[in-house]
Each structure stands twice: as C-alpha cells, then as structure tokens.
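Dear colleague,

I am passing the structure below on to you, together with some notes on what was found in it. Please read the notes with the coordinates open beside you.

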Amino acid sequence: MIRFKKASEEDFPEAMKFIRALWDYNTYEDEPTKKVYDKVINDPESFAFFLLDDDEYVGFCHGDYFQTFWMCGLTCYVSSIITRSDRRNQGFGREMMDHATKLAKDRGCKALILDSGMPRKEAHQFYEHYGFEKSCYGFEKAL
C-alpha cells in the first residue's frame, strides 16, 4: 500500500541513501548533511517526505516555498525528487510529484519549479511528460 511519510529526524539514514543516489557524483559526509536535513525538516518554508510502498522506502522529495517577482507570488521549488533505481517506471515519481503539487497548491503557490542535472536525461523526459517546460538555464557559483 502506497503512503506518504513526512520526513523526521529518525528517517535521516533513509534520506541519506536517496541524497547519495540523486547526486552520485558528489561526496557527502553524514554530519554536515544531517545539519541541513534537520534544518529542512524543521523549516516551515520547506517540506520533505518519503513515499513508502508496504512500509518500504521507495522515494524521497524535498522542496522550499519562496516569493518571486517572476511569478508575483509564492513559488514552490522542488529541489530533490528521486525514486529508488530498482522501483522506477512504476508510477512512484508521479505519486510524489502529485503530492508536491498538492502541498504547493494548498500553500497558495503560483508555480512549481525545479532544475535537473544535464546528464539526467530520463528524469528530463519524466518532467516534460508530467507537464514541466524547459524555461531557463541553471547556473551556480560555489562560494
């Protein structure tokens, strides 16, 4: 049975598995990642949840709410969404995106946005199939 579980402090080991899988080209130390995780799960401007199938963790999603001039209002940025690799193409990504969309609508958001790494071609197909449109290039600068 599919259900959503709000991320909690006790779920950090499961979250860490998804975080490492999503950005597999990066290295993560538990302690600094746990500090960020704790801030996220306690921030009223963020959400983090797991998708469980018969009490098995199959997906993780995290997002933030923020004001934008671009949308002239509240926007939801989905910063992490991942399904376990052995459970992909079974509708779990859609379930999580539907849930994130509901959270954003309930919060009064005008848009749902995300970005995705260039090599993640399958994810891009999923986002486009879900109804997202390519709208910009993403840039970052480490400080």
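**The contact of H1 with H2**

Phe 12, Ala 15, Met 16, Ile 19 and Arg 20 in H1 meet Asp 30, Thr 33, Lys 34 and Tyr 37 in H2, where contact means heavy atoms within 4.5 Å. By class, this contact of H1 with H2 comprises five nonpolar, one polar and three charged residues; here Ala, Val, Leu, Ile, Met, Phe, Trp, Tyr, Cys and Pro count as nonpolar, Asp, Glu, Lys and Arg as charged, and the others, Gly among them, as polar.

Please bear in mind that this is a predicted model, in which local features need pLDDT of at least 70 and side-chain atom pairs count only at pLDDT 80 or more, while totals for chains, interfaces and linings use all residues. Residues are numbered from 1 along each chain as its sequence is written, and side-chain values use heavy atoms, with hydrogens and water left out. Helices (H or I, at least four residues) and strands (E, at least two) are DSSP runs, numbered from the N terminus.

The axes of H1 and helix H2 (residues 30–42) come within 11 Å and cross at roughly 105°; axes are lines fitted to C-alpha atoms, for helices over the stretch in contact, and angles run from 0 to 180 degrees between N-to-C directions. H1 and H2 are therefore roughly perpendicular to each other, given that angles under 35 degrees count as roughly parallel, over 145 as roughly antiparallel, 65 to 115 as roughly perpendicular and the rest as oblique.

Within helix H1, Phe 12 is buried, with a relative accessible area of 8% (buried means under 20%, exposed over 50%, partly exposed in between, with a 1.4 Å probe and protein chains only). Not counting residues up to four places away in sequence, Phe 12 touches Asp 30, Thr 33, Lys 34 and Tyr 37. Phe 12 and Ile 41, which are 29 residues apart in sequence, are 10 Å apart in space, C-alpha to C-alpha.

**The sheet**

Five strands form an open sheet of mixed pairing, in the order S1-S2-S3-S4-S5; two strands pair if DSSP finds at least two bridges between them. Strand S1 (2–6) and strand S5 (111–114) are the edge strands, each pairing on one side only, and the twist averages 30° from one strand to the next. Helix H1 (residues 12–22) packs on the sheet, where it touches S2, S3 and strand S4 (73–83), and its direction makes about 75° with that of S3.

S1 and S2 run antiparallel and are joined by five bridges, with Lys 5 opposite Phe 50 in S2. Strand S2 (residues 46–53) is in turn joined by eight bridges to strand S3 (residues 56–68), again with the two running antiparallel; Ala 48 has His 62 in S3 as its bridge partner, and Asp 53 has Glu 56. S2 and S3 form a hairpin with two residues between them, and Asp 54 in the turn has a positive phi of about 50°.

Eight of the eight residues of S2 are buried, so this strand is largely enclosed by the rest of the structure. Both of its faces are covered, with Ser 46, Ala 48, Phe 50 and Leu 52 buried on one side and Phe 47, Phe 49, Leu 51 and Asp 53 buried on the other.

**The contact of H3 with H4**

The axes of helix H3 (residues 92–107) and helix H4 (residues 121–130) come within 11 Å and cross at roughly 55°, and H3 and H4 are therefore oblique to each other.

With regards
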